[in-house]
Amino acid sequence: MPQPLVEVSAVSKTYTIKADGTKPRGVLKALNNVSFTMDKPERIALIGPSGSGKSTLLRSIGGLLIDDASSGDIKVMGQAIQSKGRLAPNVRQARMNLGMIAQQFNLVGRLSLFTNAALGHLGKMGGLRGFFGLWSKAEKMAVMRALDHVGVAAKANQRANTLSGGQQQRGAIARAIVQDAKVILADEPVASLDPVTARKVMELLVKVNTEDKVGVIVTLHQVDYAKRYCDRILALKDGVIVYDGPANGLSGDTLKDIYGEEIEDAY
Ligand code: ADP
Ligand code: MG
């Protein structure tokens with residue numbers, strides 16, 4: 001059987017809340033015994049109300065949580081991200097399989113779109129060559145191919161901070177392709193985009209998934225986007241997975257059963 005792309009086993013995460021005048025001192029269990037596996041390149045939508053643990057789960061998979069208490073194991077392409085709650089020693093290597101996309105500020109504003117996408121090469125080169133623009137011809141061609149693939153090749157020489165939000169998200173996806181990422185983790189990638197642009201970015205994630213066989217895990221605020229663009233939904237509530245199944249199997253009634261009145265606020 002082929003290797004799973006992502007394995008999350010019994011992951012819990014506790015934040016220690018510092019006394020800062022607004023929050024009481026204490027601990028908060030943001031993830032509670034979360035497990036799931038992505039065996040083949042799927043599009044998984046993570047949904048749930050604000051505060052349900054979506055970003056914490058995504059950041060755990062990305063190996064970006066280093067402090068406070070956590071437990072459980074995470075592997076990406078068979079390589080450990082965390083084991084027994086501790087960040088794996090070779091997490092940097094494991095992370096090279098992951099492309100990360102946030103809601104905004106994904107690109108370095110002063111650099112061109114080309115250079116931003118080319119940064120996807122950096123991990124592979126293991127050096128600073130790229131910062132000086134010393135890409136090989138093959139590397140440059142790979143960058144232009146990726147920009148063309150996501151529909152922004154014409155903007156290659158434009159500074160990132162002069163691009164629209166949708167173009168910037170395309171650039172971040174191009175960077176993941178240049179990096180040869182096997183899985184894209186996207187945290188609310190369309191939340192700050194207008195509906196038309198948001199749909200186009202979601203369509204691009206579908207394309208990258210189906211054509212390039214990249215697995216996608218995306219947190220979404222809108223259930224209808226999850227149903228339309230993803231094939232599997234993980235629904236979180238208070239750090240617990242309360243639904244894991246086909247996107248088209250999640251009915252409005254089930255959602256109401258899971259979230260009750262909260263659903264009105266969340267979506
Ligand atoms: P979501 O992305 O679903 O909105 P988060 O993963 O951001 O949820 O947060 C889950 C819970 O953990 C929330 O109650 C949030 O307040 C808390 N939390 C998130 N990050 C921190 C942090 N760095 N320190 C303390 N609590 C945090
Ligand atoms: Mg979040």
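The structure is a predicted model, in which local features need pLDDT of at least 70, side-chain atom pairs count only at pLDDT 80 or more, and totals for chains, interfaces and linings use all residues. Residues are numbered from 1 along each chain as its sequence is written, while chains are lettered from A and ligands numbered from 1 in the order in which they are written.

The protein chain holds 10 helices and 11 strands; helices (H or I, at least four residues) and strands (E, at least two) are DSSP runs, numbered from the N terminus. Its radius of gyration is 19 Å, close to the 18 Å that the globule rule gives for 267 residues, so the chain is as compact as a globular protein of that length. The radius is taken over C-alpha atoms, and the rule is 2.2 Å times the number of residues to the power 0.38. The C-alpha trace spans about 55 × 50 × 40 Å along its principal axes. Of the 267 residues, 41% are buried, that is, with 20 or more other C-beta atoms within 10 Å of their own, C-beta atoms being placed from the backbone.

Six strands form an open sheet in the order 7-8-9-3-10-11, with mixed pairing; two strands pair if DSSP finds at least two bridges between them. Strand 7 (98-101) and strand 11 (240-246) are the edge strands, each pairing on one side only. On average, neighbouring strands of this sheet are turned by 15° against each other, direction ignored. Strand 10 (residues 232-237) pairs with strand 11 in the antiparallel sense over six bridges. Helix 6 (residues 165-178) packs on the sheet, where it touches strand 7 and strand 8 (183-187), and its direction makes about 170° with that of strand 7. Here contact means C-beta atoms within 7 Å, and axes are lines fitted to C-alpha atoms, for helices over the stretch in contact, with angles from 0 to 180 degrees between N-to-C directions.

A further open sheet has five strands in the order 2-1-4-5-6, with antiparallel pairing. Strand 2 and strand 6 (86-87) each have a single partner strand, so one side of each is left without a neighbour in the sheet. Seven bridges link strand 1 and strand 4 (residues 69-76), and serine 12 stands opposite serine 71 in strand 4. Strand 4 and strand 5 form a hairpin with two residues between them, methionine 77 in the turn having a positive phi of about 50°. Strand 5 and strand 6 form a hairpin too, with two residues between them and a positive phi of about 50° at lysine 84 in the turn.

Ligand 1 brings this region together with helix 1. The residues around ligand 1 (C-beta atom within 6 Å) include Tyr15, Leu28 and Lys54. Strand 1 (6-17), strand 2 (26-38) and helix 1 (54-61) each give two or more residues to this shell, and helix 1 gives the most, with three. Six of the eight residues of helix 1 are buried, so the helix is largely enclosed by the rest of the structure; Lys54 and Thr56 are among them. Glycine 63, which follows helix 1, has a positive phi near 65°.

Note on methods. A residue is buried if 20 or more other C-beta atoms lie within 10 Å of its own, exposed if 12 or fewer, and partly exposed in between; C-beta atoms are placed from the backbone. Two residues are in contact if their C-beta atoms, placed from the backbone, lie within 7 Å.
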